[in-house]
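Please read the following points alongside the model.

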Amino acid sequence: LGNKEVKAFSTVGPAYQQACVLERLNRMYSPSNDRSMVLTTRRTCADIATAFLFRFVDIVALPGSAKPTLIATVLEPYPETTEGVKKKDGNDDEWLYVVGGNDRDDVNATWNEAFVKLLSDEVDAARTLMQEYLKRLAHEQSKSASESAASDVDSARFKQLADAPRLERTAVLGAYYNTVYRSCAV
């Protein structure tokens, strides 16, 4: 809002409330109190999928959303290769946008697909994908140490979600903040 000299920027609607919940959830999912991470929604992951590696960590009911959504931690940008060689992220300085395909080298792609299946209540398919992920992870770790692989805590959370009835597959803290913000945002 405003004119050339004076402008005011503001966030209206559920975006602010969702950002507040993600900030609070960041404290819950960070590996330690002195280290922070970036948490984002499934929608944002779709927007950054060609540029960043990410891994889904939970299913959360966010304020302003009718359904629970996946939240993810952003791990790192896709690694670039040296000049003169086609870049790993598909960006060869052409004017075309990369639509997809970076996940072929991402060990977390199967993990993410398992969470997507879990969100859509395809529990058996999700468990099958998780088994595939664990096999691939064991193979990848035998070749080199991968920091972007899921931890035992993340795997335990997946198992907890898979074992829960459909209506109980949201993070408790996420549901708590959802209730608080609905009562405050009248």
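1. Throughout this note, a residue is called buried under 20% relative accessible area, exposed over 50%, and partly exposed in between, with a 1.4 Å probe and protein chains only. The model is predicted, so local features need pLDDT of at least 70 and side-chain atom pairs count only at pLDDT 80 or more, while totals for chains, interfaces and linings use all residues. Residues are numbered from 1 along each chain as its sequence is written, and side-chain values use heavy atoms, with hydrogens and water left out.

2. The structure holds 5 salt bridges, a salt bridge being a side-chain nitrogen of Lys or Arg within 4 Å of a carboxyl oxygen of Asp or Glu. One of them joins Asp163 to Lys159, with the closest N and O atoms 2.9 Å apart; Asp163 is partly exposed, at 46% relative accessible area.

3. Another salt bridge links the side chains of Arg43 and Asp47 (2.6 Å, N to O), which both lie in helix α2 (residues 42-48), 4 residues apart, or about one turn. Helices are DSSP runs of H or I with at least four residues, numbered from the N terminus. Arg43 is exposed at 56%, and Asp47 is also exposed, at 52%.

4. Buried residues of α3 include Trp111, Phe115 and Leu118.

Definitions and conventions:
Helices (H or I, at least four residues) and strands (E, at least two) are DSSP runs, numbered from the N terminus.
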